[in-house]
Amino acid sequence: MVPVVSLSNGKSMPVLGLGTWQSTKGEVAEAVKAAIDCGYRHIDCAWLYGNEAEVGQAIKAKIDEGTIKREDLFITTKLWNTFHRPDLVEGSMKGSLDLLRLSYVDLYLIHWPFGFKEDTGELMPRNADNTIALSDVDYLDTWKAMESLVEKGLTRSIGVSNFNSEQIQRILQMEGLKYAPVNNQVEINPYNTSDKLISFCREKGIVVTAYSPLGSADHPRFKSETNFRRVFDEPSLQQLAKKYGKSIAQVILRWGIQRNTVVIPKSVTPSRIQENFQVFDFQLTEEDMKVVSALNRNFRACGFEAIAHSKYYPFHIEF
């Protein structure tokens with residue numbers, strides 16, 4: 001059984017899940033089936049990923065064969081940027097549910113704090129100068145629509161993704177707030193430890209989920225800069241892996257779990273899915289935790305710099 005963390009609304013969330021971002025179409029369903037078979041009960045997806053139908057197919061297959069029940073699973077998906085306008089939120093949520101073949105999800109997140117121009121039919125609508133066309137919708141209005149999804153039973157919990165501390169604080173200070181965010185999903189790994197954001201969220205009772213917890217090894221910077229190596233090439237992590245008789249990935253995931261974050265490593269390879277799950281039979285010492293954290297470079301692979309001109313861009317401040 002995977003340990004769980006308690007959310008502020010009394011629900012619980014497994015500390016390890018299967019991430020599906022950038023998983024190749026045609027492989028996601030088998031990856032989800034393999035994950036469920038080896039014990040995963042938390043699956044993370046999003047409208048943007050284009051894989052909700054495959055995730056739903058795999059979940060249905062495992063429920064139909066009796067391997068799991070729906071209530072055993074924790075399913076997360078996300079509201080995409082083109083649906084921030086309040087009148088579009090519920091329709092997008094229902095569209096995700098249809099693809100997932102579910103009547104509810106366990107957690108629904110606003111994927112980014114900025115919205116894109118609505119009603120274009122494009123995931124990344126463009127202006128004449130090829131810049132991404134932004135919406136002027138305030139995410140506070142989006143949040144009000146998210147709250148109604150809880151009341152209608154379409155999601156058990158709501159949260160945010162890629163929000164900074166000031167943006168979360170704005171939600172918490174909303175007049176008439178009914179449901180506070182229970183989760184903030186952000187990029188966290190040894191190269192981007194996000195200590196201050198994690199501390200802020202913890203003080204507010206918000207659980208942090210780490211996406212890309214193993215780094216982004218395919219980022220162009222690792223190929224173009226000779227002095228910028230991948231996390232897996234770090235000698236200190238190689239030494240820790242040898243010390244514990246574990247893989248580097250397992251050491252990093254264990255580090256994330258011991259920091260009280262939820263980790264959602266992505267893989268479509270059954271052997272790696274199994275390996276990533278085997279992180280509950282050892283514990284890093286306090287000194288070894290510091291060794292991993294010392295690798296921090298404040299390097300953000302998923303900075304979405306093309307949206308830096310938005311007033312809701314989250315990465316202009318420290319955390």
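Glycine 205 follows α6 and has a positive phi, near 75°. Please bear in mind throughout that we are looking at a predicted model.

The helix itself, α6, spans residues 195-203, and its buried residues are Leu197, Ile198, Phe200 and Cys201. These residues lie on the same side of α6, because the arc they cover around the axis is only 160°. Which elements cover them? The cover over the buried residues of α6 includes helix α5 (165-172) together with β8 (183-187) and β9 (207-211).

I turn now to the open space. The largest pocket has a volume of about 750 Å³. Its lining comprises 30 residues, and nearest the centre of the pocket are Leu214, Gly215, Ser216, Ala217 and Lys266. By class, 13 of the lining residues are nonpolar, 11 are polar and 6 are charged. Helix α10, residues 270-277, gives the most to this lining, with 3 residues.

How many cavities of 30 Å³ or more does a search of the whole structure find? The search finds 1. The largest cavity holds about 40 Å³ of space. Its lining consists of Ile188, Ala210, Pro213, Ile252, Trp255, Gly256, Arg259, Thr261 and Val263. Helix α9, residues 248-258, supplies the largest share of that lining, namely 3 residues. The classes here are 6 nonpolar, 2 polar and 1 charged.

Thank you for your attention.

Conventions: Residues numbered from 1 in each chain as written. Predicted model: local features only at pLDDT ≥ 70, side-chain atom pairs only at ≥ 80, totals over all residues. Heavy atoms only, no water. Buried < 20%, exposed > 50% of the residue type's maximum accessible area, 1.4 Å probe, protein only. Helix = DSSP H or I, 4+ residues; strand = E, 2+ residues; numbered from the N terminus. Arc of directions from axis to C-beta. Contact = heavy atoms within 4.5 Å. 1 Å grid on protein atoms, 1.4 Å probe; cavity = no way out; pocket = protein on both sides within 12 Å on 5 of 7 lines; lining within 4 Å. Points joined across faces, edges and corners; volume = space filled by probe spheres on them. Nonpolar A, V, L, I, M, F, W, Y, C, P; charged D, E, K, R; others polar.
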